[in-house]
Amino acid sequence: MIIDLHNHTTRCNHAVGSLDEYVVKAIASNINVFGFSDHAPMRFDEAYRMRFDEMEAYERDVLHVKEKYADSISILLAYEVDYLDGYIDENVMKREVDYWIGSVHYLGNWGFDNPEFIGEYQNRDIDEIWQHYFDAIKAVADSSLFDIVGHIDLMKLFKYLPKKDVRLIAKEAIKAIKKADMVIEINAAGLRKPVSEQYPSHLLMELIAEHDIPITFGSDAHAPEHIGYAQEQMHAFAKSFGYKKCATFQNRARSLVTF
Ligand SMILES: [Zn+2]
Ligand SMILES: [Zn+2]
């Protein structure tokens with residue numbers, strides 16, 4: 001089975017293409033289970049996400065294509081939620097979804113994955129930045145709110161890499177993810193960024209496999225052509241660490257399927 005659980009829509013204001021175009025591309029990419037997980041609304045950096053009053057229409061749109069293409073593909077409904085202290089909103093978290101992706105895109109009010117604010121990397125100690133990032137990932141796990149950790153080492157996207165071994169920096173976060181029984185996605189979007197590799201890195205994946213943490217796959221598509229990109233490479237990457245199964249969800253119940 002080919003699973004792809006991380007994909008956006010134009011409602012986040014930084015993606016292109018209709019839902020139909022995404023689904024048609026997913027079917028053409030032989031994907032069996034395709035999840036829409038658009039950026040959930042939040043009262044912070046509101047330009048990069050849907051509005052609160054769009055959630056119902058977003059869900060209706062996804063359920064519409066779910067029915068329309070039911071003979072060809074399983075469509076799932078989800079959100080990618082920003083983990084930012086004080087901004088988790090119960091109006092979001094009470095929605096009925098197949099799964100939740102918890103992601104860190106901000107350290108304090110610094111949107112570190114936004115090229116506009118790239119200068120901030122020069123102002124801080126790189127190992128401290130990375131430690132703060134993985135402390136935030138640990139908080140995602142400790143919150144027990146989410147099913148999947150989004151792009152676990154997003155901090156590397158502009159290639160500001162830690163001097164210290166990332167396995168030491170991420171150790172407590174990985175332990176917390178194991179304890180919370182969460183899934184980690186292998187996300188191909190990093191291949192489109194300056195760092196030019198999937199999330200997680202090879203080194204981090206060693207630590208994840210050692211802890212026997214379940215994985216899944218995500219294109220993190222912001223355009224139809226992103227869907228299925230490097231799919232075989234991502235599967236081969238996971239298999240090289242001994243993985244044969246990946247996770248999928250329905251109404252927040254997880255199952256593991258062979259990929
Ligand atoms: Zn996005
Ligand atoms: Zn994200």
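Which residue in β7 does I101 stand opposite? I101 stands opposite I148 in β7. The model is a predicted one, in which local features need pLDDT of at least 70, side-chain atom pairs count only at pLDDT 80 or more, and totals for chains, interfaces and linings use all residues. Residues are numbered from 1 along each chain as its sequence is written, chains are lettered from A and ligands numbered from 1 in the order in which they are written, and side-chain values use heavy atoms, with hydrogens and water left out.

**The sheet**

- Seen as a whole, the open sheet has 7 strands in the order β1-β2-β3-β4-β7-β8-β9, with parallel pairing. Strands (E, at least two residues) and helices (H or I, at least four) are DSSP runs, numbered from the N terminus, and two strands pair if DSSP finds at least two bridges between them.
- The edge strands, β1 (3-4) and β9 (215-218), each pair on one side only.
- Helix α7 (residues 231-239) packs on this sheet, where it touches β8 (183-187) and β9. The direction of α7 makes about 165° with that of β9; such angles run from 0 to 180 degrees between N-to-C directions, and axes are lines fitted to C-alpha atoms, for helices over the stretch in contact.
- Strands β2 (residues 33-39) and β3 (residues 74-82) pair in the parallel sense over 7 bridges, and F34 stands opposite I75 in β3.

- Strand β4 (residues 99-103) is mostly covered, with 5 of its 5 residues buried. Buried means under 20% relative accessible area, exposed means over 50%, and partly exposed lies in between (1.4 Å probe, protein chains only).
- The cover extends to both faces of β4: Y99, I101 and S103 are buried on one side, and W100 and G102 on the other.
- β3 and β4 pair in the parallel sense over 5 bridges, and I101 in β4 is the bridge partner of E80.
- β4 and β7 run parallel and are joined by 2 bridges.

- Y99 lies in strand β4 and counts as buried at 0% relative accessibility.
- Y99 and L5 are 94 residues apart in sequence, while their C-alpha atoms are 9.1 Å apart in space.
- The backbone oxygen of L5 is reached by the side chain of Y99 at 2.5 Å. A polar contact is a pair of N or O atoms within 3.5 Å; within protein, one must be able to donate a hydrogen and the other to accept it, and residues adjacent in sequence count only if both atoms are side-chain atoms.
- The backbone oxygen of L5 also lies 3.3 Å from a polar atom of the side chain of S37.
- S37 is found in strand β2 and is buried, with a relative accessible area of 0%.
- Leaving aside neighbours within four places in sequence, S37 is in contact (heavy atoms within 4.5 Å) with residues including L5, H6, Y58, E80, Y99 and I101.

**The pair of helices α4 and α5**

- Helix α4 (residues 126-142) and helix α5 (residues 166-179) pack at an angle of about 10°, with their axes 8 Å apart.
- α4 and α5 are therefore roughly parallel to each other. Angles under 35 degrees count as roughly parallel, over 145 as roughly antiparallel, 65 to 115 as roughly perpendicular and the rest as oblique.
- Among the residues that meet are W130, F134 and I137 in α4, and I169, A173 and I177 in α5.
- The residues of the contact of α4 with α5 divide into 10 nonpolar, 1 polar and 4 charged. Here Ala, Val, Leu, Ile, Met, Phe, Trp, Tyr, Cys and Pro count as nonpolar, Asp, Glu, Lys and Arg as charged, and the others, Gly among them, as polar.

**Backbone features in loops**

- A cis peptide bond, with omega about 0°, joins Y199 and P200. P200 has its place in the loop between β8 and α6 (202-210).
- N13, a residue other than glycine, has a positive phi near 70°. N13 is found in the loop between β1 and α1 (19-28) and counts as exposed at 51% relative accessibility.
- H151 is not a glycine, yet has a positive phi of about 20°. H151 has its place in the loop between β7 (148-149) and α5, and counts as buried at 2% relative accessibility.
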